[in-house]
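Reader: I have a structure open and want to learn how to read it. Can we take it feature by feature?

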Amino acid sequence: MLAYLTHRLLGVVVVALGVLTITFVLVSMVPGDVAVFYAGPHASGQLINEVRHSLGLDKPKYIQYFEYLWQTVQGNLGQSASLDEPVRTAIWQRLPQTLQLAAAVIVLELLVALSCGTLAAMYEGSLFDRVGAGLAALGVSLPGFWLGTVLLFVVAYKLSLLPLGGYGDPLPEYLLLPALTAAVPSGFWYSRILRANLLEILHADYIRTARSKGLARHWVVLRHALPNAIIPVITIAAMDLGQLLGGLVVIETVFSWPGIGFLAYEGVQNLDVPLVIGTTLFTAIAIALLNIVADLLRMVIDPRVRLG
Amino acid sequence: MRHRELDEALLSAADRRQGTMARLLRQRVALVCLGIIGLFVLCAILAPVLAPHPPNYGYTNGLTLDGQPLGSSGTFLLGTDTTGRDVLSRLLFGARVSLTVGVLATLLQITLGLALGAISGYYGGWAEIVITRLVDIMLAFPVVLLGLTAAAVFTPSVTTTILVIAATQWMYMARVVYSMVLSLKEWQFVEAARAIGVRDWRIVWRHILPHLGPVVISYSTLGIGVSILLEATLSYLNAGVPQPTASWGAMISAGLTYYRVDPALVLYPGISLTVVVLAFTLVGDGLTKALRARS
């Protein structure tokens, strides 16, 4: 176990180093003179040189690289050009909102998967089952930003049932639409995985035993088959956490949800390179760490899994 | 790797060639979707002929007197957008952008995935370590965020969009190819080829890569759909294809400002996008099924 954790954490270090290197290369490809940008358009040559010196831009590239690594390891992601505060502060301020949204999405996703998947398996081949298959394909093809926009238009604007995006009190009213937009399509997808697992398990011997001792069909499904069938779904959902975080960038932008995804979007609109890069870096490393958590979760819920 | 699948792929090589298309065409849904894709490709190629107006020209009679977009009429079949441009023409030219980005980004990611996957699977050693690590690193980047970063650093263009999509998608192909090559190279025909002195690159090219055909085909179909979706998403976030080029994603984001007056501006490109991506997804699924089925 300890050996496994050390191995995986070393893997994260390698990934983080790679991510940092790539972002450093991207930053150094920024066209134009960064010092001129920071000093302002009317600065004198001497001021520009001073700014260049204070930013360390007059040093050789490889020294800049190691300084960049060192700064990032200390948690310093640089100064935002548009927000007048360090990138780190901006991210920490927006992180709770992203976590709230992500948590709501995961809960809704699993609810959709559980209900639709179980029903589709119990009534295999029925109309409900076939519609479910279609919805799963639609779910992966539907552009999230468009679905969100349509939901906003119909539910929030036409019917005035919920607020038109943003963040406020009472939270559930603001949370519902963005969470549904992100959760329902992937929920349908997971429901198909659950259905396939259930159908396979329903042929197992222990299910026949349960049936033959006279247990009602729905009890057999709910009590005996479901707990085993749900494990792979949770595993896959856990492995998809990174994609979920990435997908939230779009959802947050559509609903003006003040999370880190929206922060990155605003960064692009304001040509704030440090802010965009900082957010990307932060999310990439978070995803690498989340993958370990997903592995551990797999081991906790499924005792057959041996990590190593 | 799933050995059963591999066996199937190898054993059925001969009868698959005749059967795959027939099996695909027997699936009604896939057939309809194939038709939709054909229509989409035609629209994209013939856009300059089919479009009733130039896509980027803002007509002065294309706006109401107080400067709002027009609904559909005889001159502008699907109405005009916020700057008086013809929506139908922009939809047709948008199909062009979608198809170009979808196909080129997929070609690029498949090539990268095949090359890196085959090298790491066949040679092992350092190449394997470096490439698997690179896959891990790139998988940590969320697509959209890397797209936003690229947009902040470079000037957004069709080329940048293609590169970003390929850079964030090749790892999936590379992983599949890697594991398939890993088991393929243990087969006797590879050993035989090596025994008679065939060079490495030739073994990979002539003896291993042909077995990856089915995987590559179904993967490419799905990949085009995903790439089209990503292009639209990036363009929606102003980080993809720049204005004034017609792109479905950018059309949706531009139409948003007028959603009260003219919700159709958001509706048309959104529906086109969903239908096309869905068609690629379902044909990809159908192909996977047709290639795997060997009853």
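Author: Let us start with one residue. This is a predicted model. Ala182(A) sits in helix H8 of chain A, which runs over residues 171-201.

Reader: What does an α-helix do to the direction of its residues?

Author: An α-helix has 3.6 residues a turn, so residues three or four places apart point the same way.

Reader: Is Ala182(A) buried or exposed?

Author: Count the C-beta atoms around it. The cut-off for buried is 20 or more within 10 Å. Ala182(A) has 28 such neighbours, so it counts as buried.

Reader: Which residues is Ala182(A) in contact with, leaving aside those within four places in sequence?

Author: Val105(A), Gly144(A), Gly247(A), Leu248(A) and Ile251(A). For a distance, take Leu20(A): its C-alpha atom is 29 Å from that of Ala182(A), and 162 residues separate the two along the chain.

Reader: Now the whole chain. How many helices and strands are there in chain A?

Author: Chain A has 13 helices and 0 strands. Its radius of gyration is 24 Å, well over the 19 Å from the globule rule for 308 residues, so chain A is more spread out than a compact globule. The C-alpha trace spans about 90 × 55 × 30 Å along its principal axes.

Reader: What share of chain A counts as buried?

Author: Of its 308 residues, 36%. Next, take chain A contacts with a separation of 6 or more: 69% join residues 24 or more positions apart.

Reader: Why does helix H9 of chain B lie largely in the open?

Author: Check its residues, 188-195. Of these 8, the number buried is 0, so the helix lies largely in the open. After H9(B) comes Gly197(B), with a positive phi near 85°.

Terms used: Residues numbered from 1 in each chain as written. Chains lettered and ligands numbered in written order. Predicted model: local features only at pLDDT ≥ 70, side-chain atom pairs only at ≥ 80, totals over all residues. Helix = DSSP H or I, 4+ residues; strand = E, 2+ residues; numbered from the N terminus. Buried ≥ 20, exposed ≤ 12 C-beta atoms within 10 Å, placed from the backbone. Contact = placed C-beta atoms within 7 Å. Rg over C-alpha atoms; globule rule 2.2 N^0.38 Å.
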